[in-house]
Amino acid sequence: MAEQEERRDMYQTIDGNQAAAAVAHKVNEVIAIYPITPSSPMGELADQWSAEGETNIWGSVPLVVEMQAEGGAAGAVHGSLQAGALTTTFTASQGLMLMLPNMYKIAGELTATVFHVAARSLAAQALSIFGDHSDVMAARNTGFALLASNSIQEVMDFALIAQAATLEARVPFLHFFDGFRTSHELNKIEPLDESVIREMVNDDLVRAHRARALTPDNPFIRGTAQNPDVFFQARETVNPYYDKTPGIVQEAMDKFASLTGRQYQLFDYIGAEDAERVVVVMGSGAETVRETVNYLVDQGEKVGAVIVRLYRPFAGEAFVNTLPATVKAIAALDRTKEPGATGEPLYLDLVSAVVEQLGEGNTPFTTAPKIVGGRYGLSSKEFTPAMVKAVFDNLAQEKPKNHFTIGIHDDVSHTSLEWDGSLSIEPDDVVRAVFYGLGADGTVGANKNSIKIIGENTEKYAQGYFVYDSKKSGARTVSHLRFGPRPIHSTYLIESANFVACHQFSFVERYDILSLAEEGATFLLNSPYGAGEVWEHLPRSMQEQIVDKNLKFYVVDAYTVADETGMGRRINTIMQTCFFSLLDEITGEPLLTKEEAIREIKEAIKKTYGKRGETVVQQNYAAVDAALSHMHKVDVPAEVTSDWERPPLVPAAAPAFVQSVTERIIAGEGDSLPVSALPDDGTYPSATTQWEKRNIAVEVPVWDPDVCIQCGKCVFVCPHSVIRQKVVEPAALEGAPDTFQHADARFREWSDHQYTLQVSVEDCTGCALCVEACPAKNKQQPKFKAINMAPQAPIREQEVENWEFFETLPYKDATEVKLNQVKYNQLLEPLFEFSGACAGCGETPYLKLLSQLFGDRTLIANATGCSSIYGGNLPTTPWAKNDEGRGPAWSNSLFEDNAEFGFGMRVALDQRIVAATDLLRSLRQEIGADLSDAIIFADQVAEDEVVAQRGRIGELKHRLDEMLDDEQYAEIRPQLQNLHSLADALVKKSVWIVGGDGWAYDIGYGGLDHVLASGRNVNVLVLDTEVYSNTGGQMSKATPRAAVAKFAAAGKPLPKKDLGMLAITYGNVYVARIAMGASDRQTVQAFLEAEAYDGPSLIIAYTHCIAHGYDLRYGLEQQDAAVKSGYWPLYRFNPDLEIEGKNPFQLDSRAPQLPLEKYIYREGRYRMLTQSAPEQAERLLELAKADVQNRWEQYERLSRQEPSGNGNK
Amino acid sequence: MDLTTKYMGLNLKNPIVPSSSPLSRHISTLRRMEDAGAGAVVLYSLFEEEIRMESKTLNEYLVQGTEIYPESITFFPEAPSYRMVGPEAYLEHVQRAKAALDIPVIASLNGVSTGGWIEYASKIEEAGADALELNIYYIPTQSELTGGEVEDIYVEVLRDVKQAVNIPVAMKLSPYFSALANMSHRLVDAGADALIFFNRFYQPDLDLENLEVVPHLVLSESYEMRLPLRWIALLYGRVETDLALTTGVHTAEDVLKGLAAGATVSMMASELLENGLGRIGEILADVALWLVENEYNSLDELRGSLSQVNVAAPAAFERANYIQVVSSYGPGYV
């Protein structure tokens, strides 16, 4: 036991973010941050530690502040540094781009600081949250030193080395490591003892840093403006500092080595002393290169690698002297792309260093080696030993390919190198375990614990990496766990596993689970079928793999165990226990006895859940204890017996692109798509979610026509647009399937029609919001409503058939229905469907409504965030189109610029209208005065007027086509062609600027404010979840007082910003505050008015969210409670009313009638505080109540004030 | 006037005890109760089921949606601790109440499992409570459960708790036992240091508009005191334990009636919730005044004077009383 304790102290199993944050928190006084994937956990951990009172090495608790944007964070860092505090920040990608201006300043002023960056792709043809070096490379000219860490251990080590070096060098450091691969990989490391940190950080230098600070006690001026006479010279003053920096870093590395035994060099060489082929690389890919070089050297190959640690300032001489004298060919590997350059940055640096040093006679070789550059690993693309070998093979060529790519198949520019996918260099003594789980079943969490158990309780080294889905509901996770006798440097996914676990039986129907299983591997399947019957429920290919690969096959009915022990759908600890019990079989050696394993699992449970109460702990213990008795070995038959195969993932009816490209991505085989398969400018077809039937709901809604009152509320609220209603003529129902349900229509206009309501059960996520929304109860048994949840599997086949038939029936169009009534407008076709949003999402119903009301003429500018992810993340996207081919045109620019992006769309449209109108006027005679005038003077307010204009434009284009064919108009052909291309602009277009509160209240507020003030006709929809939902619940300025969020662990102390009121002060902005769960009528009214208003409109929509901490099926009820409590008063401010002499401000909800606590304490975000800090909760509740009262009084006053009568437009 | 009294062996300066209610959630309110003159206080109940529920719910919302999408691996910050998912917050409250008050502090416990009753009772004792009230809120809905078995459950819980702790233990009863007299004897045999009449269950209401069952909280009225009053009067002098009156005590007259029926203490909550803690002092003054005016020398003189064993017409507490009342309703009342 003592030995084990010692080991626990000596080693930690953590991820890269934690490793960086651990050091940063120890050596800084101020930390200014802003969340961005994949760096967010660094800020969150630092904040958590400060909240817990953890001190830095000087005994003070670092102050962690969250800013409104990365630009703000960088500004705060700059200011804090100028005022003398040791200051840091964490960021990535676009965040780093926003910091660039300040980075030049910080470096120009020779200010010691370290920024820790989880390097990530920059958005180009698409956003990507995954890792590469395009962000840090874009910062290489800021004057920051760039230091690269390749592994979790190095992240911790280099975070400290960078800090030590920056204080001495006065050059600021950007310490970076690869996003996800390093920031999120768990690995066993030796943590730094605080004494080492103390020893490395020189307090004299800290005091010198402080002494350089601005102080009125010794005033000076810094940040002057300079003129042509001196700027240049002043810019050159810093050179000596840069010259000295590499030496300072090396000294710090040497000192570090003397303290820890871990020696690093500016450039580390690995491989054969007489290597002829050398690869130069930095980042996590270096780990794979290291592994492969060692393997190839063992095979007798003369290869080596230079691992770049300090990239800037680039020490050319040191680099060249790292190379062996025998080197003949060098390949520089860049994890970034610089289109149009003569090569990527590392390659160019290398070429110039070699040429320069050769000229100086400073090289170990006399003949210049061949140098080529290549790109790899963009957006965390896999980089495997086989690929490294291919790079070495290329270098062995007489004329190696230059500017190559590795890891993709480039059949367009033919840049790619081929590699041998079957090459595996992983040794047998490393256990490689792969687990397929569902996000909601807890698989990843349990595997994180397993890695820690093995890493910290045995002598084995351990590594864990987790691959998540692109959807937020029903998402699949794949966990890759390795452990073995040596530190694990494999920075790529497991390619050949000796253990495969499938935690969801439904996956066997969808995925090739066993493709990674190696010969003789162990396969554990969570199966509702026992050992005796499971075989017949497997597809043929799976049976074949089990037989051919001679797999050992186990089943456990984890859901039964979970059910019996009160674990619900969490099967994590059950599966974990089974895994540990099979460890002996997998490893062939006793690693942990069964008793030890169970003890450690329970220890981990206690650690993970202990704070949440004994009940949860005991429940998990019970699940662990019950697990093994439910696991059974399957006697694998010698013969394959199954006669069925996994069905195709998309139907044959899908468009060609979906069949050939999308389907491969859905199947998880996107890596194999060649360059030519992908669009070159990021343009993808709309409406593709309809082809991906995910079948993720266990229970789905079932309609009871006898109880239904045909109100449309379930259709209205359905976040995934899977419930739809239609009113059709009875004749249309001929040929309907037997089980197709319908009833006499309860619509006055269509009393002789039939009403039908249909659920697409394959697309449903089972959130049950519809059931809660349904106002109609079964009189005999009020537990049943007009819509009720029932198991999906038994009705799937019949409902698929019914859905197909339903789709053949016509929708009503906007001219036929009363748009302002839910009952009617829910007869319109949604042009937003089946998104990957969370089950029960509060945002998507608003977007669906938007698509129903104006979808066929809407352009959407979508801020980065949840809505850009479920709205635009491949493989399939939800924005759809109608039978005429019209639908919302959607795009995402960035997070911070969305208002401006949408504004740009508006001005382009406005300009096109002007151009088209001018042309039309000038061609009036030729085209015909009637048609031209009708178009020019069309009033497109009502829906039928828009439709009429569309008809006229059709006519115009037809006329233009005729004229273009007519020789008599040859002279004006260019004008005719121009008008033809501009004509559609004359049909009213609606621009919607959509985003969350993180965008609207914080990072994008400056732009939003400007766009609202512009007077242009744009519509802004703020989906206010009151936190940064997409990045994991960080506080925004929309976060309400008393709610817990990240960066507000003790409850937000200050009230929510009143964005609506800020906009109202302009006087010419239409503003509405809505909550569909409180008033669907007011919600619809607000959308219609905002769109109709000829000027800027702002709708702030209450949006329930998974980050609020309750079962989202009650989302609407909570919205209603928010309004009833007075927390979220509904109002509309319509400047048009003022022109009519009316009060523009209309309150649409009543005075507070529900105590605030009745609303807020049903949500985890508020309730947590009553559990963790009851006194604080009570204090904040009182203040929050006062907020409600004050706000109500303010609104009430506004609603009663006399209109000025002159308008404000 | 000497109003001191001994309840479960504890010395009380008077027989008025604020019963278990949300009023006891704040130490400052408890202090005000003492200042207002309360003889002792009963704290709100530690509900084992609530603790379990809090723990499960907290865990549910902390894991909900986590480890699904790579950008939002978690949604909430980790708090250093959660005090409401275990008994800690309650125990701390007991400790703080003890430190803040001179009058006896009686804790209240509502368990669900045998282990829970014993564990929490012991912890409450360790926290310093002067006495413990067992608040068994049990609706025996299972059709196979007999009345005898239900009674056994009460007796066993009491016996288990009594074995686990040394502080006095009171049993708060429901009025729904078939044989309350026998039940009282059994509980006294099992060690009950006091019997409290009665636990007032909130009865749900039906919402016809929405076809729902709705929780409904109504404060007590004085007339509701009749039932416990009757049973205290019936049992006084017949069981060897202290009897406490609760439900419907609103006025000095109510307190005096309780005493006359045989109650050692009178417990009140509705009156204090409705009209403030100042009522304690007012009632006490009225009680004292009445005793003086009516020339009583001590509380003991009044206590039990109108119990069944002491009244002139004992049958009035029994069936005869019912017949008389029913027959007094003539056609005029219909």
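Mentor: Begin with a cut-off: a residue is buried when its relative accessible area is under 20%, and exposed when that area is over 50%. Bear in mind that the model is predicted.

Trainee: Is F805(A) buried or exposed?

Mentor: F805(A) sits in helix α26 of chain A, which covers residues 796-808. Its relative accessible area is 11%. The cut-off for buried is under 20%, so F805(A) is buried.

Trainee: What is the area buried between chain B and chain A?

Mentor: The contact involves 60 residues of chain A and 37 residues of chain B. Carbon and sulfur atoms give 56% of the buried area. The area itself is about 4200 Å².

Trainee: How many salt bridges are there between chain B and chain A?

Mentor: One pairing in a salt bridge is R612(A) with E78(B), at 3.7 Å from N to O. That distance falls within the 4 Å limit. The count between the two chains is seven.

Trainee: Which helix gives the largest share of the side of chain B that touches chain A?

Mentor: That side of chain B has 18 nonpolar, 10 polar and nine charged residues. The largest share is 10 residues, and it comes from residues 48-63 of chain B, helix α2.

Notes. Residues are numbered from 1 along each chain as its sequence is written. Chains are lettered from A and ligands numbered from 1 in the order in which they are written. This is a predicted model: local features need pLDDT of at least 70, side-chain atom pairs count only at pLDDT 80 or more; totals for chains, interfaces and linings use all residues. Side-chain values use heavy atoms; hydrogens and water are left out. Helices (H or I, at least four residues) and strands (E, at least two) are DSSP runs, numbered from the N terminus. Buried means under 20% relative accessible area, exposed over 50%, partly exposed in between (1.4 Å probe, protein chains only). Contact means heavy atoms within 4.5 Å. Buried area is the accessible area (1.4 Å probe) that two parts lose on being put together, summed over both. A salt bridge is a side-chain nitrogen of Lys or Arg within 4 Å of a carboxyl oxygen of Asp or Glu. Ala, Val, Leu, Ile, Met, Phe, Trp, Tyr, Cys and Pro count as nonpolar, Asp, Glu, Lys and Arg as charged, and the others, Gly among them, as polar.
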